Amino acid sequence: MPLIGKLRTWHDDKGFGFIAPSQGGAEIFVHIGDLPRDGSRPVVGETLRYELGRGEDGRPRAVRVVRLAVGTPPPPARRLGGRPRGGSSGRLSTLLSGVLGLAVLAGVGAWGYRWFEAQSHRRHLEDQLASVAPQPAAAADAGFRCDGRTHCSQMKSCAEATWFINHCPGTQMDGNHDGVPCEQQLCTGSLGR
């Protein structure tokens with residue numbers, strides 16, 4: 001039969017105290033192990049509901065104590081399948097969640113790196129084209145324009161070939177890369193320079 005009383009004294013450093021029963025009589029010993037494990041400490045003067053039991057020494061003792069200000073703690077949470085949390089399956093689930101999270105993070109990082117590389121490559125190509133593209137004033141002065149011709153056989157003069165290798169991308173007129181185009185057909189020696 002549950003009884004009601006107030007916590008008269010509490011020795012936090014030793015983990016025990018005494019309850020003064022509401023119906024009167026001698027104080028009852030209470031141990032921290034008989035109080036609910038809710039993370040809070042008992043407070044002197046709070047009302048407790050308890051049952052009377054016997055300690056190892058045979059003396060009366062409060063057991064199955066409920067702190068009325070706090071209430072009865074909820075039963076431990078149970079997962080589907082009837083297993084309590086924190087078991088080996090809980091640790092495995094946490095580990096798998098962590099590994100999955102790292103894999104997703106690595107995938108996003110790899111995608112981001114590839115995107116950044118593609119953008120950098122695109123900007124590099126645009127910069128190259130801008131530096132190779134003919135200047136309107138120079139094109140008008142020379143009378144030439146980039147029109148897709150890339151070989152010596154398509155040129156009419158050394159000046160035209162020279163202008164093309166300096167202003168148009170993809171030309172194939174300077175085999176030895178010395179800056180003089182079409183040396184055997186149009187620009188013999190250094191006439192074109």
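Let me begin with Phe18, which is partly exposed at a relative accessible area of 26%, where buried means under 20%, exposed over 50% and partly exposed in between, with a 1.4 Å probe and protein chains only. Please keep in mind that this is a predicted model, in which local features need pLDDT of at least 70 and side-chain atom pairs count only at pLDDT 80 or more, while totals for chains, interfaces and linings use all residues. Residues are numbered from 1 along each chain as its sequence is written, and side-chain values use heavy atoms, with hydrogens and water left out.

Phe18 belongs to one aromatic cluster together with Phe16 and Phe29; rings of Phe, Tyr and Trp (its six-membered ring) pair if their centres lie within 6.5 Å, and planes under 30 degrees apart count as stacked, over 60 as edge-to-face and the rest as tilted. By this rule the count comes to 5 aromatic pairs. In one of them, the rings of Phe16 and Phe29 have centres 5.5 Å apart and planes at 35°, so this pair is tilted. Phe16 sits in strand β2 (residues 16-21) and Phe29 in strand β3 (residues 28-31), 13 residues apart, with helices (H or I, at least four residues) and strands (E, at least two) taken as DSSP runs numbered from the N terminus. For Phe18 and Phe29, the centres are 5.9 Å apart and the planes stand at 70°, so the pair is edge-to-face.

Turning to the cysteines, the structure holds 3 disulfides, each defined as a pair of cysteine sulfur atoms within 2.5 Å. Cys146 and Cys168 form one, with their sulfur atoms 1.8 Å apart, and the torsion about their S-S bond is about -100°, so this disulfide is left-handed. Cys146 lies in the loop between α2 (136-142) and α3 (158-167), and Cys168 in the segment after α3, so the pair ties together parts that are 22 residues apart in sequence. Cys152 is joined to Cys182 at an S to S distance of 2.0 Å, and both of these cysteines are buried. Cys158 and Cys187 are linked with 115° about the S-S bond, a right-handed arrangement. Which pairing results when the bonded cysteines of the chain are numbered in sequence order? The pattern is 1-4, 2-5, 3-6.

Finally, there is helix α1 (residues 88-132), where Leu96 has its place; at 53% relative accessibility, Leu96 counts as exposed. A UniProt annotation from an unreviewed entry, "transmembrane region", covers residues 92-113, and this span is 100% helix, with its end C-alpha atoms 31 Å apart.

Terms used. UniProt positions renumbered as here; feature names shortened; annotations may be inferred.
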